[in-house]
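Visitor: Hi! Could you walk me through a few spots in this protein?
Guide: Happy to, let's open it up.

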Amino acid sequence: MAQTRIPAETRTEFGKGAARRTRRAGKIPAVLYGHGTDPVHLSLPSLEFAAVVREQGRNAILELDVAGSKPQLALTKTVVIHPLLPYVEHVDLLVIKRGEKVEVELDVVVTGDAAPGSLVTQDMNTVTVEADALNIPEQIEVSVEDAEIGTQLHASDLVLPKGVELRTDPEYLVVQVVAAPTEEDLEAEVDTEGAGVVEEPSDDEEAAEADSAGSSDEAKDSSEDDSDK
């Protein structure tokens with residue numbers, strides 16, 4: 001994975017108000033930490049950073065060009081996206097050095113078509129691996145081509161590139177191939193769901209029940225009165 005050089009500026013203002021001003025200026029608040037150094041608060045150009053993430057994915061490698069300092073290699077650890085609006089709120093960066101290994105999460109991508117009449121379910125979308133900081137794979141592919149019903153692929157079955165080691169529990173289920181539901185199965189499921197629905201009485205029905213109850217009480221009272229005579 002190639003690293004991309006990107007300009008960065010140190011920040012001296014902190015807090016929500018300062019972060020909003022940084023974003024209004026077309027920059028992203030960021031924090032650089034790691035290797036026992038004190039955290040450094042930075043701002044990154046929004047458009048350039050977004051382009052790097054689009055190109056490299058979740059584990060983008062940056063070469064930060066900070067005025068007055070030598071270029072610093074950093075791994076993108078956390079990118080916080082606004083829950084409603086399409087912009088980055090904050091970025092955490094990890095200091096890295098050439099030749100060292102880091103733990104990262106990689107996307108698991110399922111490829112191929114399983115046997116006819118089957119359904120492929122994916123239980124894990126990411127796995128954790130350890131890899132050379134400058135040779136992090138973009139993703140891990142797992143093929144289900146012609147896989148029969150009942151096939152299960154665990155983390156230990158993933159084929160990793162040379163030099164990449166699995167850190168996720170090898171027993172975790174990643175992908176399985178099951179029988180696709182038939183029309184009868186779907187209809188039975190709908191019938192089962194319908195059977196569990198209890199219809200609430202309408203206002204007219206409730207009124208009729210109340211009148212009936214009242215009439216019964218009146219008849220009972222009348223009967224008791226006659227017996228007293």
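Visitor: Which residues is Glu130 in contact with, leaving aside its neighbours within four places in sequence?
Guide: Those are Lys101, Val102, Glu103, Gly163, Val164, Glu165 and Arg167. Contact here means heavy atoms within 4.5 Å. This is a predicted model, where local features need pLDDT of at least 70, side-chain atom pairs count only at pLDDT 80 or more, and totals for chains, interfaces and linings use all residues. Residues are numbered from 1 along each chain as its sequence is written, and side-chain values use heavy atoms, with hydrogens and water left out.

Visitor: What does the side chain of Glu130 make a polar contact with?
Guide: With the side chain of Arg167, at 3.2 Å. A polar contact is a pair of N or O atoms within 3.5 Å; within protein, one must be able to donate a hydrogen and the other to accept it, and residues adjacent in sequence count only if both atoms are side-chain atoms.

Visitor: And where is Glu130 found?
Guide: In strand E9, residues 126-132. Strands (E, at least two residues) and helices (H or I, at least four) are DSSP runs, numbered from the N terminus.

Visitor: How do E9 and E12 run, parallel or antiparallel?
Guide: Antiparallel, with two bridges joining them. Val129 has Leu166 in E12 as its bridge partner.

Visitor: New topic: is Asn59 buried or exposed?
Guide: Asn59 counts as buried because its relative accessibility is 7%; buried means under 20% relative accessible area, exposed over 50%, partly exposed in between (1.4 Å probe, protein chains only). Its side chain reaches the backbone oxygen of Glu105 at 2.9 Å.

Notes:
Pairing = 2+ DSSP bridges.
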